[in-house]
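Subject: Structure handover and notes

Hello,

Please find the structure below.

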Amino acid sequence: NAAFNAGATFGGNLTVTVNDNSDTLTLTSTDADASSGPNLRMYRNSSSPADSDILGVMEYEGRNDNSEDIRYVQITSLADDVSDGTEDGSYIISTSVDGTLRNRINVRPTETVFNEEQRDLNFRIESDGNSHMLFVDAGNDHVNIGTSSDLGGVLNVSGAAFIQTADNNPQLTLVSTDADGASGPNLTLY
């Protein structure tokens, strides 16, 4: 065990190695007040910050069965806009899929994007009693509510569905942007 005095500074890289499954790094705060602690700060102190600077990366690496080092998960943070008073940041989570690191979740200043790289990766939200309360089937390009089954539409709803508003605006609009001579949009009551 090594102990360092408060405020210890290291002038180069620091590597901590253990040969068992114990915690490699522990941050402990014995402060008894209601403020946060312990705290981990990742600080990029650039003298010339620029938009889209990468602020920090956390990588989870391991070996595959061919003794190769593989990045299985990567978390990246960016400074999208460094203009004083309008600063914006992003947070990106990527995981290895079929041997390639793929962007899975982007938390951006104006939106949160799942599956930005348009891979065949489904998105599923469970409720208390339904494993497919909301299910985006990426491979079949449809959204399901309450079901995992493709019922023949882009939006598939299981059970009773209600659309309610408190004004006189349209509750349901079907739009087809297809320019050929065939009919559309189509509504099927089955």
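A word on accessibility before the notes: a residue is called buried under 20% relative accessible area, exposed over 50%, and partly exposed in between (1.4 Å probe, protein chains only). This is a predicted model, in which local features need pLDDT of at least 70 and side-chain atom pairs count only at pLDDT 80 or more, while totals for chains, interfaces and linings use all residues. Residues are numbered from 1 along each chain as its sequence is written, and side-chain values use heavy atoms, with hydrogens and water left out.

Backbone geometry

Most residues other than glycine have a negative phi, and most peptide bonds are trans. Ser52 is not a glycine, yet its phi is positive, at about 75 degrees. Ser52 is placed in the segment before S1; strands here are DSSP runs (E, at least two residues), numbered from the N terminus. With 47% relative accessibility, Ser52 is partly exposed. Gln118, also not a glycine, has a positive phi of about 55 degrees. Gln118 sits in the loop between S5 and S6 and is exposed, at 71% relative accessibility.

Cis peptide bonds are found at two prolines, taken here in turn. Gly37 and Pro38 are joined by a cis peptide bond with omega about 0 degrees, and Pro38 belongs to the segment before S1. The bond from Gly184 to Pro185 is cis too, with omega near 5 degrees; Pro185 is in the segment after strand S9 (155-157).

The sheet

An open sheet is formed by five strands in the order S1-S2-S3-S4-S5, with antiparallel pairing. Two strands count as paired if DSSP finds at least two bridges between them. At the edges are strand S1 (53-63) and strand S5 (112-114), each of which pairs on one side only. On average, neighbouring strands of this sheet are turned by 25 degrees against each other, direction ignored (axes are lines fitted to C-alpha atoms, and angles run from 0 to 180 degrees between N-to-C directions). S1 pairs with strand S2 (residues 69-81) in the antiparallel sense over 10 bridges, and Gly56 stands opposite Ser77 in S2.

Asn106 is in strand S4 (residues 100-107) and is buried, at 3% relative accessibility. Its side chain makes a polar contact of 2.6 Å with the side chain of Glu116. Such a contact is a pair of N or O atoms within 3.5 Å; within protein, one must be able to donate a hydrogen and the other to accept it, and residues adjacent in sequence count only if both atoms are side-chain atoms. Not counting residues up to four places away in sequence, Asn106 touches Tyr91, Ile92, Glu111, Thr112, Val113 and Glu116 (contact means heavy atoms within 4.5 Å).

Arg119 lies in the loop between S5 and strand S6 (123-125) and is partly exposed, at 36%. Leaving aside neighbours within four places in sequence, Arg119 contacts Arg102 and Ala138.

Rings

Ring centres within 6.5 Å make an aromatic pair; planes under 30 degrees apart count as stacked, over 60 as edge-to-face and the rest as tilted. The count is one aromatic pair: Phe114 and Phe123, tilted, with 4.6 Å centre to centre and 55 degrees between the planes. Phe114 is partly exposed at 42%, and Phe123 is partly exposed at 26%.

Arg41 lies over the face of Tyr43, 4.2 Å from the ring centre. The rule for this is NZ of Lys or CZ of Arg within 6 Å of the ring centre and within 35 degrees of the ring normal.

Regards

Technical notes: Helix = DSSP H or I, 4+ residues; strand = E, 2+ residues; numbered from the N terminus. Phe/Tyr/Trp six-rings, centres within 6.5 Å; stacked < 30°, edge-to-face > 60°.
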